[in-house]
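User: Please take a close look at one part of this model. Start with a single residue and its surroundings, then move on to the sheet.

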Amino acid sequence: MKLQKLIEDLDYINISGDLEKQISGIEHNSKNIKENFLFIAIKGFKLDGHDFIFDALSRGSKVIVVENNNFYNKRDDITIITVKNSRIALAVLSNAFYNYPSTRLNIVGITGTNGKTSTSYFLESIFKNNQWKTGVIGTLGVKINEQNYNIDKTTPEANNLQLFLHNMLEKDINHCIMEVSSHSLSLNRVHKIQFDIGIFTNLSEEHLDFHKSLDEYMNSKIKLFYMTDKINIINSDDEFGKKMISKLKDLKTRIITYGINSGDIQAKNIIQMTKNISFDLVTSLGNINIKLNTPGIFNIYNALAAISCSIALGIDLKTIKQGLEKLENVKGRFQVIKSDEDFDVIIDFAHSPDGFKNVLKTVNEFAKARIITVFGCGGDRDKSKRPKMGEIAAKYSDICILTSDNSRSEDTQVIIEQIIQGIEESSYEYFKIPDRKKAIKKAIEIARPYDIVMILGKGHETYQIINQKKIEFDEYKIVKDILDSYRQK
Ligand SMILES: CC(=O)N[C@H]1[C@@H](OP(=O)(O)OP(=O)(O)OC[C@H]2O[C@@H](n3ccc(=O)[nH]c3=O)[C@H](O)[C@@H]2O)O[C@H](CO)[C@@H](O)[C@@H]1O[C@H](C)C(=O)N[C@@H](C)C(=O)N[C@H](CCC(=O)O)C(=O)O
Ligand SMILES: Nc1ncnc2c1ncn2[C@@H]1O[C@H](COP(=O)(O)OP(=O)(O)OP(=O)(O)O)[C@@H](O)[C@H]1O
Ligand SMILES: N[C@H](CCC[C@H](N)C(=O)O)C(=O)O
Ligand SMILES: [Mg+2]
């Protein structure tokens, strides 16, 4: 694409150099630059992209977008564009480069602290049951038809995001469901995405290292509702959902609310079972009984979010029910592995105080014997959640085994000590086993018939990041192997 055309929507401060150049790609990371790519220098949290301009030039870039125009351009063959905000420029240029893909797709954006991935897979199952060709972008990767692509973030950077939307169009996808993290809203990764529907699941303490306060965190999420064309769907039982509704009075698009105690779309007559949960869906279009193949009241909320969205898009109740009931499981979310010794091991991605409370309260509803919980906390993430997770885990489990999650650049032992601060009772039985595999082994070793071993925090992840190194760690496989090794004894 010619640079002149590419920058049509760009709000720039200054341009020096030729606009006739052909651009063959857009990148913010110099390492990914290929011949004739446009490089956008971003001032990051750790590094400054402006320091990598020469690296980008050496790899074949001839057009550079900068925020600091003190980059001295000695070469006539280089075009320099100065902008106020590089992250916004990345989104605007990527959108134009891929020919505005979001305007040609029906896009559902899901935001909230917990339940985004679960809701997106409930929704995918309904859309597929309605014969819609559906793509998904989120924590479990990008799914285009039955192909999966790994990504390192829940919501990718704007250039990759626009590329995935473009690829979906190439594969005749017409509906895209995407998780919209608060980071992506704050850092403009989703700037210029035209959403049809916005969904809010809930908000609780998370990422307070990045957002500084819960209100700031909420305000970053609210941005999504001003980016949607059709309808916004909000959990009105959630404290912050209620706050949002009152803040969104000036919104031009309609709001549909859902909940168990309130909302336009409600769940009533809930029956909780060990491995599933059923409820009567109550709507202005009629009522219908639905049984989910996964337990937990929180999953009713996730289902209600998906149902509200489907109703807003005109899908009938029977198709919705069938779609939800067809879904067996979302990877790494309440994934049950049976042992021969009559105890269950459950792998779950809970990694926040609210996630812990929800999932551990659920197992307490049906546990016949002890609950043994194995968990750690992520390094380089909100430290304030560590003692809270410790407190909740101890309250709802008989034994805790404290271990590593993704410690990243932090010391696992230090993280464990911070978790222990929340475990007040001196008589409480816990173990400290930093090696996660050994911790899982210990839990399985001490488990007795009817106990439940909960392994929290990593869910679908197939790696651990320890001392900044990514090592293979497929929790599901590890548990299976340990159980098998006992079987052979
Ligand atoms: C807080 C945050 O989101 N940080 C992201 C941000 O980092 P940063 O601004 O600090 O970037 P940086 O590493 O300082 O580098 C600055 C610039 O130099 C460039 N660079 C760097 C090295 C080089 O050799 N050449 C080069 O050009 C980089 O590409 C970048 O543009 O921009 C980087 C590049 O785009 C991201 O990798 C990084 O995400 C990190 C990996 C991250 O962990 N983010 C998490 C917290 C996140 O975004 N999570 C949410 C989900 C949260 C949830 O809901 O639970 C998500 O959507 O995944
Ligand atoms: N609606 C909910 N409310 C509270 N906790 C939930 C809810 N749904 C799921 N959880 C818990 O949170 C964990 C993560 O759920 P899920 O992956 O759906 O959330 P997410 O919002 O996508 O998380 P992330 O921000 O990491 O992508 C689950 O494994 C479960 O323990
Ligand atoms: N999206 C979340 C996932 C956390 C998962 C947990 N395993 C951890 O590493 O803390 C984050 O990046 O903060
Ligand atoms: Mg997710």
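Predicted model: local features only at pLDDT ≥ 70, side-chain atom pairs only at ≥ 80, totals over all residues.

Residues are numbered from 1 along each chain as its sequence is written, while chains are lettered from A and ligands numbered from 1 in the order in which they are written.

S220 sits in helix α8, residues 214–222. Helices (H or I, at least four residues) and strands (E, at least two) are DSSP runs, numbered from the N terminus. Beyond its neighbours within four places in sequence, S220 contacts S182, L185, S186 and H211. Contact means backbone-placed C-beta atoms within 7 Å. S182 is 38 residues away along the chain, yet the two C-alpha atoms are 5.9 Å apart.

Now the sheet. Six strands form an open sheet in the order β17-β18-β22-β19-β20-β21, with mixed pairing. Its edge strands, β17 (335–338) and β21 (430–432), each pair on one side only. Pairing requires at least two DSSP bridges between two strands. β20 (residues 399–402) runs parallel to its partner β21, over three bridges. There, C400 stands opposite Y430 of β21.

Helix α15 (residues 436–446) lies across β18, β19, β20, β21 and β22, at about 175° to β19. Axes are lines fitted to C-alpha atoms, for helices over the stretch in contact, and angles run from 0 to 180 degrees between N-to-C directions.

Note on methods: Contact = placed C-beta atoms within 7 Å.
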